[in-house]
Amino acid sequence: MSYYSISAILTSAQKVPCTFDLPIPNLGFLDDNPGGDIAAHTPLPLPLYLAELLAVQQLDNRPLLTLDLPSSLQPRVLNGLKADAKSVDLRGLEVYFFEGAARVLELLEEEEVGDGLCEAFKKRAAEIADHARNARGGTSSGEGGEFLRGLDEWERGLFRAAHDSSKAVRMWMGEVKGAK
């Protein structure tokens, strides 16, 4: 994570579901209870940056909280990605889907989820490259347009880079052909 990266800052602000394992005094303001305590087993969505910090803290060799899988990484979404990765609107789930998922998975031992996301990203990246090479710049309507609207921010950056590279290669090829 880069300190100056806007996408990293916005990813850190996304809320993730957590469950406090221990009672925490004087932090009730996190749960709209100023001056109160947070009881043990209280589920509470926290910004990712705060959840990361509290998830690794321990008190008497017991974790303060447990990080739960966000709704964007629940089995129904993962099954949709396995079935047809390009049909899932990731932007509708989270604007920074892959960045957020990577940060959450660093704290959880969910290897199967990580493997599924890697496979989905590979399939989606191939589709993104296909659209980027489109002569109209990938702005076609219909199914392709729906797919492009559903890209998360990281995928949009990948699309822009692939489109710009494809465009530069076409220009270079035109110059090479014109020089002959």
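**Reading a predicted fold: burial, contacts and rings**

Colleague: What share of the protein's 180 residues is buried?

Modeller: Buried residues make up 38% of the 180. Buried means under 20% relative accessible area, exposed means over 50%, and partly exposed lies in between (1.4 Å probe, protein chains only). This is a predicted model: local features need pLDDT of at least 70, side-chain atom pairs count only at pLDDT 80 or more, and totals for chains, interfaces and linings use all residues. Residues are numbered from 1 along each chain as its sequence is written, and side-chain values use heavy atoms, with hydrogens and water left out.

Colleague: How many helices and strands are there, and in what order do the elements run?

Modeller: There are 8 helices and 5 strands. Both are DSSP runs, numbered from the N terminus: helices are H or I with at least four residues, strands are E with at least two. From the N terminus the order is α-β-β-α-β-β-β-α-α-α-α-α-α.

Colleague: How do I read the overall dimensions? What is the radius of gyration of the protein?

Modeller: Set the value against the globule rule (2.2 Å times the number of residues to the power 0.38, with the radius taken over C-alpha atoms). A compact globule of 180 residues would come out near 16 Å, but this protein has 21 Å. Along the principal axes, its C-alpha atoms fill a box of roughly 75 × 35 × 30 Å.

Colleague: What about surface and charge?

Modeller: The accessible surface is about 10,900 Å² (Shrake-Rupley, 1.4 Å probe). Carbon and sulfur atoms hold 56% of that surface. The protein has 19 positive and 27 negative charges, and their mean positions lie 13 Å apart. Lys and Arg count as positive, Asp and Glu as negative; His and the chain ends are not counted. Each charge is placed at NZ of Lys, CZ of Arg, CG of Asp or CD of Glu.

Colleague: Next, contacts. What percentage links residues 24 or more positions apart?

Modeller: A contact means heavy atoms within 4.5 Å. Of the contacts with a separation of 6 or more, 63% join residues 24 or more positions apart.

Colleague: Where does Thr11 lie, and what does Thr11 touch?

Modeller: Thr11 lies in helix 1 (residues 6-12). Thr11 is buried, at 1% relative accessible area. Beyond residues up to four places away in sequence, Thr11 touches Leu48, Tyr96, Glu99, Gly100 and Arg103. Now take Glu99, in helix 5. With neighbours within four places set aside, Glu99 contacts Ser7, Ala8, Thr11 and Trp154. Glu99 and Ser7 are 92 residues apart in sequence, yet 8.4 Å apart in space, C-alpha to C-alpha.

Colleague: Which residues of helix 2 are buried, and what do they pack against?

Modeller: In helix 2 (residues 48-55), Leu48, Ala51, Glu52 and Leu54 are buried. The buried residues of helix 2 pack against helix 1, strand 1 (15-20), strand 2 (42-47), strand 5 (65-67) and helix 5.

Colleague: Is Leu81 buried or exposed?

Modeller: Buried, at 3% relative accessibility. Leu81 sits in helix 3 (residues 75-83). Neighbours within four places aside, its contacts are Val88, Leu90, Phe97, Leu117 and Ala120. Leu81 and Gly116 are 35 residues apart in sequence and 7.8 Å apart, C-alpha to C-alpha.

Colleague: How do I read ring pairs? How many aromatic pairs does the structure hold?

Modeller: A pair is described by the distance of the ring centres and the angle of the planes. Rings of Phe, Tyr and Trp (its six-membered ring) pair if their centres lie within 6.5 Å; planes under 30 degrees apart are stacked, over 60 edge-to-face, the rest tilted. The structure holds 3. Phe98 and Phe121 have centres 5.1 Å apart and planes at 80°, so that pair is edge-to-face. Phe98 is in helix 5 (residues 97-107) and Phe121 in helix 6 (residues 111-132), so the pair ties together parts 23 residues apart in sequence. Phe121 and Trp154 form a tilted pair, 5.0 Å centre to centre with 35° between the planes. This pair links helix 6 to helix 8 (residues 153-179), 33 residues apart. Phe98 is buried at 10%, whereas Trp154 is partly exposed at 46%. Ring pairs link Phe97, Phe98, Phe121 and Trp154 into a cluster.

Colleague: Last, backbone angles. What is the phi of Asp60, and of Asn61?

Modeller: Most residues other than glycine have a negative phi. Asp60 has a positive phi of about 55°, and Asn61 a positive phi of about 60°. Asp60 lies in the loop between strand 3 (58-59) and strand 4 (62-63). Asn61 is in the loop between strand 3 and strand 4. Asp60 is exposed at 69% relative accessible area, and Asn61 is exposed at 70%.
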